[in-house]
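My plan is to look things up one at a time and write down what I find.

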Amino acid sequence: MPPIDHKQTLGKNTSMAQNIVMDIFSYFRNLASISSPSGQEDEVRKYLERHFMSLGYGSRTDEKGNILFFLDEEGRKLMYCAHMDTVPIAADAHVMEDGKRFFTDRTTALGADDKAAVAVLMKEAERRDSSVLYLFTVSEETGLTGSAAITREFLSPFDIAYAIVPDTGGKVGDVIVSAPGKTRLRLVFKGKAAHAGFAIEKGVNAILLASEFVTQAGSGRLKDGSTVNIATFSSVNSTNVVPAEAVVVLESRSLDEKRLDGIISDLIEKAGKINPDVGILEERLYRPYRHDPDSPVIRFAMSAIPGAGTRSSMGGSDANNLNMLGIPALVISCGYENAHSVDEAVEKSEMLELEKVISDISAAFKLANA
């Protein structure tokens, strides 16, 4: 089929074809047409509410806007989790498709992260399996802040055995056994203002202090695989004034929590030696997790997805926060490519494979808990 430009067809009625292939793709088209950058997920939530309520599901929503769908409160549960938000570059996504894949005109991202997974979960919900819960979160793309607000009280009275989070690129069904923690630092370097002509010698240039820190800190992947990323460097000033303040914002990630703490401590120490008055805001956004190969959740996933590979990831997900709540949670890959960029795309065959994988996981859980 020639490429279809959905910007030209937006607003026209699209009939939902009866077979499973078209249903999944129709769900995705509808989701992708709804702009939902982090903090603006209301319309996606309403769309999901209409769908799940039409299937007889109950729901609960927390103060942050996360929403959970369920059929009943009895028995052990398997919970799927996907996020409703996208990165800003996927707002008002200009979605296109041909016979093989969904993509864009390269002016926006696609939002397949994570709407490809949401579409598949909408289809899976049609099976009305009472042992399955569906959690859709907000603000995942801004440091997992949506799922960070989820409490055990919100998830009670459900007895949740495992959570499966389809939210990473790569071969569909691969299992992520470990993921990093992430800490963000905001460092405010403080100099001394002075007239840049009459009294420049009396000034202390905060930009130079911050630059010295950036040079010493470095930015990139460390020998053990941990990362440091200098993300922003800013100073608002007039050219005739020696700048009195400069701000550096960075993040660090590591699969090992002690190592992450050590990296952050080292960076703070460097900053303090350069500028004893430096202002420091440290934010632990999420903690790492690592599942033992013989843990129940890994054994369940590997039995439910024959031939699945296992790997570590340097990306965080809602699974980090669910694991912190004591719910064994795993990420599985769902086939999208080049997320967070104008080259983002998802193969239709990968979406169909994800539908099969999710169906197999649900069936395996139901059989194990019959």
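My entries follow, grouped by topic.

**Ground rules**

I am working with a predicted model, in which local features need pLDDT of at least 70, side-chain atom pairs count only at pLDDT 80 or more, and totals for chains, interfaces and linings use all residues. Residues are numbered from 1 along each chain as its sequence is written, and side-chain values use heavy atoms, with hydrogens and water left out.

I take helices (H or I, at least four residues) and strands (E, at least two) as DSSP runs, numbered from the N terminus.

**Entry: the cavity**

A cavity here is a set of points on a 1 Å grid over the protein atoms alone, where a 1.4 Å probe fits but cannot get out. Grid points are joined across faces, edges and corners, and the volume is the space filled by probe spheres set on the points.

How many cavities of 30 Å³ or more are there? I count one. The largest cavity has a volume of about 30 Å³.

Next I listed its lining, meaning residues with an atom within 4 Å of a point. The lining of the largest cavity consists of Val87, Ala90, Ala109, Gly111, Asp113, Glu141, Ala339, His340 and Glu344. I sorted these residues by type: four are nonpolar, two polar and three charged. In this scheme Ala, Val, Leu, Ile, Met, Phe, Trp, Tyr, Cys and Pro are nonpolar, Asp, Glu, Lys and Arg are charged, and the others, Gly among them, are polar.

**Entry: two cis peptide bonds**

Asp113, one of the lining residues, came up again. A cis peptide bond joins Asp113 to Asp114, with omega about 20°. Asp114 belongs to helix 4, residues 112–125.

I noted another cis bond from Ser156 to Pro157, where omega is near 10°. Pro157 sits in the loop between helix 6 (152–155) and strand 8 (159–166).

**Entry: positive phi**

I checked Arg106. It is not a glycine, yet its phi is positive, about 70°. Arg106 is in the loop between strand 6 (101–104) and helix 4.

For accessibility I use these cut-offs: buried is under 20% relative accessible area, exposed is over 50%, and partly exposed is in between (1.4 Å probe, protein chains only). Arg106 counts as exposed because its relative accessible area is 52%.

Ser139 also has a positive phi, near 50°. Its place is the loop between strand 7 (132–137) and helix 5 (145–148). Is Ser139 buried or exposed? Ser139 has a relative accessible area of 9%, so I mark it buried.

I then looked up its contacts, meaning heavy atoms within 4.5 Å. Leaving aside neighbours within four places in sequence, Ser139 is in contact with Ser38, Gly39, Glu41, Asp85, Leu144, Thr145 and Gly146.

The C-alpha atoms of Gln40 and Asp85 are separated by 7.4 Å, and the two are 45 residues apart along the chain. Gln40 is in the loop between helix 2 (20–32) and helix 3 (42–54). I mark Gln40 as exposed because its relative accessibility is 52%.

I moved on to His51, in helix 3. His51 has a relative accessible area of 10%, so it is buried. Beyond its neighbours within four places in sequence, His51 is in contact with Tyr27, Met122 and Glu126.

**Entry: helix 7 against helix 8**

I compared the axes, which are lines fitted to C-alpha atoms over the stretch in contact, with angles from 0 to 180 degrees between N-to-C directions. Helix 7 (residues 206–217) and helix 8 (residues 257–274) have axes that come within 10 Å and cross at roughly 145°.

Which residues meet? Leu209, Glu212, Phe213, Gln216 and Ala217 in helix 7 meet Leu267, Lys270, Ala271 and Ile274 in helix 8. I sorted the residues of this contact into six nonpolar, one polar and two charged.

**Entry: Ala244**

Ala244 lies in the loop between strand 12 (227–234) and strand 13 (245–254). I mark Ala244 as partly exposed because its relative accessibility is 31%. Ala244 and Lys192 are 52 residues apart in sequence, and 4.7 Å apart from C-alpha to C-alpha. Not counting residues up to four places away in sequence, Ala244 touches Phe189, Lys190, Gly191, Lys192, Ala193 and Ala206.

Conventions:
On a 1 Å grid over the protein atoms alone, a cavity is a set of points where a 1.4 Å probe fits but cannot get out, and a pocket is an open set with protein on both sides within 12 Å along at least five of seven lines; lining residues have an atom within 4 Å of a point.
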